[in-house]
Amino acid sequence: MSMVLKFYNTLSNKKEVFKPLKKGVVSMYNCGPTVYDYAHIGNFRAYIFADVLRRYLEYKGFKVKQVMNITDVGHMTVDEEADGKGEDKIEMKAKEEKKDPFQIAKEYEKAFFEDIKKLNIKKAMKYPRATDHIKEMIRTIETLIKKGCAYEANGSVYYDITRFKDYGKLSGNTVDKLKAGKRIDVIREKRNWFDFALWKKDPKHIMQWDSPWGRGFPGWHIECSVMGMKYLGDTLDIHTGGEDNIFPHHECEIAQAEGSTGKRFVRYWLHTRHLLVNGEKMSKSKGNFYTLRDLLEKGYDPKAIRYLLLSGHYRIRLNFTEEGLKSAEETVRRFQDFVSSLKGAKQKGKPNPKVKKLVKNVKKDFEEAMGDDLNISLALGKVFDFVREINKVISSGIGNKDAKLAYETMLGFDKVLGLKLDEVRFIKLYVGEKLKFKDSVSFLKLPKEVEKLIEKREKLRKEKKWKEADDIRNKIRKMGYILEDTETGVRVKKA
Ligand SMILES: [Zn+2]
């Protein structure tokens with residue numbers, strides 16, 4: 001029996017059976033980073049969710065055409081209002097760092113790709129940049145003007161949302177509601193205060209392009225409609241983003257795309273809830289703001305970070321703590337140990353029927369949970385049960401055929417989880433007999449002096465000279481690094 005796949009569609013506010021438009025192929029668009037800074041772990045929760053979603057669709061045999069945009073112009077600092085005000089985020093950062101805005105975008109785009117690689121996020125089919133699609137955006141804006149949805153005023157172009165009857169269908173912010181609500185805009189040239197800009201005239205803006213309405217730059221929302229349709233067609237199967245994207249960003253995307261084509265833009269809208277850190281909204285002023293790099297510098301394993309960010313259901317707020325991260329490290333290690341003990345099983349003999357049954361059940365349970373709107377916490381619970389039961393079999397001696405079966409089952413799940421469970425685990429910086437320096441995953445760069453001391457201490461430990469080893473550990477501590485001894489090596493963290 002093929003398991004049903006259901007997603008919670010923000011558009012209908014209910015779980016719907018998922019069926020792509022084209023048999024076997026899923027088109028998916030994910031709102032990507034605005035490249036003015038390092039992405040923070042809240043951003044990564046959304047990207048990892050998109051990655052797990054894609055991986056699960058692939059697990060189910062679909063081909064996934066995935067597109068994620070790179071926003072390098074037009075995203076303003078006040079983005080909770082449809083007609084974003086304030087400053088362009090890229091230009092703000094450019095002023096701060098006294099650089100060219102295009103240079104800023106390039107640098108942080110590079111950082112973004114480094115980060116997603118560390119988190120083992122699969123590469124999308126395409127990462128289109130907004131600034132590479134100015135022509136296409138202008139063309140769509142022209143179409144919207146022709147259709148009467150948009151109007152030019154004083155060198156800017158606005159979307160008249162009273163001309164799009166479906167406005168509000170995603171977020172509930174309909175024209176009637178907006179009319180009754182508090183006025184938040186005073187731009188005189190607009191027909192309605194809630195109209196949003198498609199093209200903006202601002203002589204102070206550094207990044208400018210020629211257009212039929214004069215020099216200017218595109219609004220933030222138009223890029224996603226235009227690039228989504230360019231690479232995936234007028235109607236996409238899935239569009240994801242964070243819950244803060246629902247309004248105004250995605251509401252405006254619908255108005256632009258559907259206003260210009262007359263066709264449905266997105267069939268399934270999936271939104272991840274916010275990430276909290278220590279129970280609060282992340283903010284730089286509260287000191288609970290983390291980029292991936294912050295955590296890697298502290299010595300955490302990117303696999304554990306990935307695990308923690310994917311382990312909660314995407315429609316439930318996830319509370320991130322360092323305690324949670326430490327227990328995520330334990331879990332990942334437990335999974336890795338399990339996989340490696342299965343790999344090492346040599347014992348010949350008759351297969352145990354219990355193993356076959358456990359495998360069959362866990363596969364069914366895993367798919368049932370994931371098929372129900374990607375209930376990953378439930379799915380992981382089933383995997384834990386499986387690990388526990390198989391461990392019981394292992395302790396009384398598992399045959400190589402059974403071990404192989406269980407091993408392949410775990411690696412099958414890992415295709416979805418993306419934890420590279422069969423990779424030799426090197427969160428340690430120093431491992432093995434030869435005390436070789438390993439730095440496969442961390443951004444932590446150790447001073448040569450510290451490296452030498454660690455090597456020296458490892459030798460002393462082997463000779464059971466505990467006192468001397470402890471002295472070195474204290475010395476290293478004073479130099480700003482903490483050592484942790486684990487079964488497979490020494491782990492180094494910044495103090
Ligand atoms: Zn977007």
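In the predicted model, asparagine 319 is in contact with Leu276 and Gly279 when its neighbours within four places in sequence are left aside. Asparagine 319 belongs to strand β15, which covers residues 318-320.

Backbone geometry was examined next. Most residues other than glycine have a negative phi, and most peptide bonds are trans. Lysine 98, which is not a glycine, has a positive phi of about 50°. This lysine 98 is placed in the loop that joins α2 (89-97) to α3 (101-118). Lysine 98 counts as exposed because it has 6 C-beta neighbours inside 10 Å.

Leucine 374 likewise has a positive phi, near 50°, and is a residue other than glycine. The loop between α11 (353-371) and α12 (376-395) contains leucine 374. With 24 C-beta neighbours inside 10 Å, leucine 374 counts as buried. Both residues thus lie in loops between helices, but lysine 98 is exposed, whereas leucine 374 is buried.

A cis peptide bond links phenylalanine 247 to proline 248, with omega near 5°. Proline 248 is part of helix α7, which spans residues 246-261.

Note on methods
Residues numbered from 1 in each chain as written. Predicted model: local features only at pLDDT ≥ 70, side-chain atom pairs only at ≥ 80, totals over all residues. Helix = DSSP H or I, 4+ residues; strand = E, 2+ residues; numbered from the N terminus. Contact = placed C-beta atoms within 7 Å. Buried ≥ 20, exposed ≤ 12 C-beta atoms within 10 Å, placed from the backbone.
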